[in-house]
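Open the model in your viewer and keep the selection panel at hand. The tour goes stop by stop.

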Number of protein chains: 2
Amino acid sequence: MSRSQAEKALIHEHIVEVAAKRFREVGLNGIGVADVMKEAGRTGGGFYKHFESRDKLVEEAMTCAYKKRKESAAKYINDPSLSLSDFVESYLSERHINNPGSGCAVSALMNDVARSSETVRALFSAEVESQIATMMTLLNDKKPSETRAQAILAICTLAGAVGLARAISDEDLSRELTTVGHTLLKALEA
Amino acid sequence: MSRSQAEKALIHEHIVEVAAKRFREVGLNGIGVADVMKEAGRTGGGFYKHFESRDKLVEEAMTCAYKKRKESAAKYINDPSLSLSDFVESYLSERHINNPGSGCAVSALMNDVARSSETVRALFSAEVESQIATMMTLLNDKKPSETRAQAILAICTLAGAVGLARAISDEDLSRELTTVGHTLLKALEA
DNA sequence: ATTATCTATAGATCTATAGATAATGC
DNA sequence: ATTATCTATAGATCTATAGATAATGC
C-alpha cells in the first residue's frame, strides 16, 4: 500500500498537473481536493500527506501551469521561423479558446486570482511580468522607447479577447473577437 | 411579518442589487443565498419565495449589473463634452479597479461566466455586443470600415487590463497596466 | 383566505483529521 | 520503525424545503 519516496514525488507531480489542468477548466474553487486526487488515481484521504492545505495545492498548480506555458512560449523566441504574428495566431486560435486546461492560466484565471491570497496574486504578478518580457522580445523594436507599452497593450488585448471569447455563447461573436489579432498587429506595426 | 406585494417587489429588487454587487466582488460562487439575503436585511429561508433557484438570482443579478452599467455608459454618448478618452480614463481608473462591485461585470466576471449556464453566457454575449455598439459610437469613425474592429480591440484591451490589474499584487505593475489606455488611444488614432 | 417572511432542518458537498493497512528502507 | 496510502468521519457550509407566524387584501 505504501510507495517509495521516488514514487511519491512522481505521484505528487501528477496530482499538481491534474490540478493545474482542472483549475484552468473549472476555476480555483470549481473542484475539491478529493476529486483532484480521484482524477490522479488516488483516494481523497491521502491528500494532506502531499499538501499542507488546499491553498498549497493551488499555489503549486499555478506555478506548474506558468512553467509549462513558459516552455511553450519559449519556442516562439528560439525558433527564428516563428514570429509575433504566429504567437498571436496561436494564442487566439480555436484550439486555445476551447482548451483552457492546457492553455494560458492568465486569461483562464485572472478573475479567480483577483479574489485569491496574496501568495497566489504574487505568483500571478511574476507570470504577467514574465509574459511582458517575452512579448517585448517578440516585438522587434522599431521604437525601443515604446516596446514595453506595446507589449502591455498586446498582453491586455490577448488575455481579454480569450477571456471574453470563452464567456460568450454566440459562436459568431466569439470568433469575431479572435480577429482582434489582426487589428492588434496592425496597431503595433504603425 | 408579511408584506404587501409592492413592498415585496422593492425587496426583490434590493436583493438583486445586493447580489449584483457581491457577485462582482467575490465571483458567482463566492457567496451563498443566505448571506445575500442577510446583507439585504432578510433571512435565508425567504429566498425561494423570491427566486425559483440560485441560478435565477445569478441571471437577474447579471441583468441588473448590465443595465446599471449601460446607464452609466450612456452619459459618455449623450454628453458632447465627454469623449472616448474620458471613457477609457474612467474605465482604467483606480476607482474602477478598486471597486468591482459597482463596476463593469464583463471584466469582473468573464472567467466565471465562461463556466456558467447557457442562459448566463447568452446574457453576457448580449452585453458584449451592446458594449461594442457603445464603443463604435464613441469612435468618431475616420475609417468606417474599421470601426467595428477598432471597437473590439478597445473592449478586449480594456476588459483585459482591468481583469489583470485586479489580479496583480504588485501595485506598480498594476498601475502600469492601466497606462495601456494611452497606447490604445494612440493606436486607434493612427 | 392568501401570502411574505421567519425558524428549523434535511441532504449534499467540502476541508481536514484520525486511525488502520501494508509497503519501504535503515 | 517509518511512512505512503486507504477508509471513515467530524465539522463547516451550501441549496432547497417544510411548517409556523403574522400581515395583506378580497
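Start at DNA strand D. Of its atoms within 4 Å of the protein, 75% belong to sugar or phosphate, and the rest to bases. Keep in mind that this is a predicted model.

Color them by class: 5 are nonpolar, 12 polar and 6 charged.

Now zoom in on individual contacts.
- B:R54: a polar side-chain atom sits 2.3 Å from a phosphate oxygen of DNA strand D.
- A:K49: a side-chain N or O atom lies 3.4 Å from a base oxygen of DNA strand D.

Show helices α1 (5-26) and α3 (47-50) of chain A. Each supplies at least two residues of the surface near DNA strand D. α1(A) gives the most, with 3 residues.

On the α7(A) side, pick A:S107, A:A108 and A:M110; on the α9(A) side, A:A159, A:V162, A:G163 and A:R166. This contact has 4 nonpolar, 2 polar and 1 charged residues.

Last stop: α4 (54-78) and α5 (84-91) of chain A. They pack at about 145 degrees, axes 9 Å apart. A:R69, A:A73 and A:Y76 of α4(A) meet A:D86, A:F87, A:S90 and A:Y91 of α5(A). By class, that contact holds 4 nonpolar, 1 polar and 2 charged residues.

Key. Residues numbered from 1 in each chain as written. Chains lettered and ligands numbered in written order. Predicted model: local features only at pLDDT ≥ 70, side-chain atom pairs only at ≥ 80, totals over all residues. Heavy atoms only, no water. Axes fitted to C-alpha atoms, helices over the stretch in contact; angles between N-to-C directions. Helix = DSSP H or I, 4+ residues; strand = E, 2+ residues; numbered from the N terminus. Contact = heavy atoms within 4.5 Å. Nonpolar A, V, L, I, M, F, W, Y, C, P; charged D, E, K, R; others polar. Near = heavy atom within 4 Å. Polar contact = N/O pair within 3.5 Å; in protein donor to acceptor, adjacent residues only side chain to side chain.
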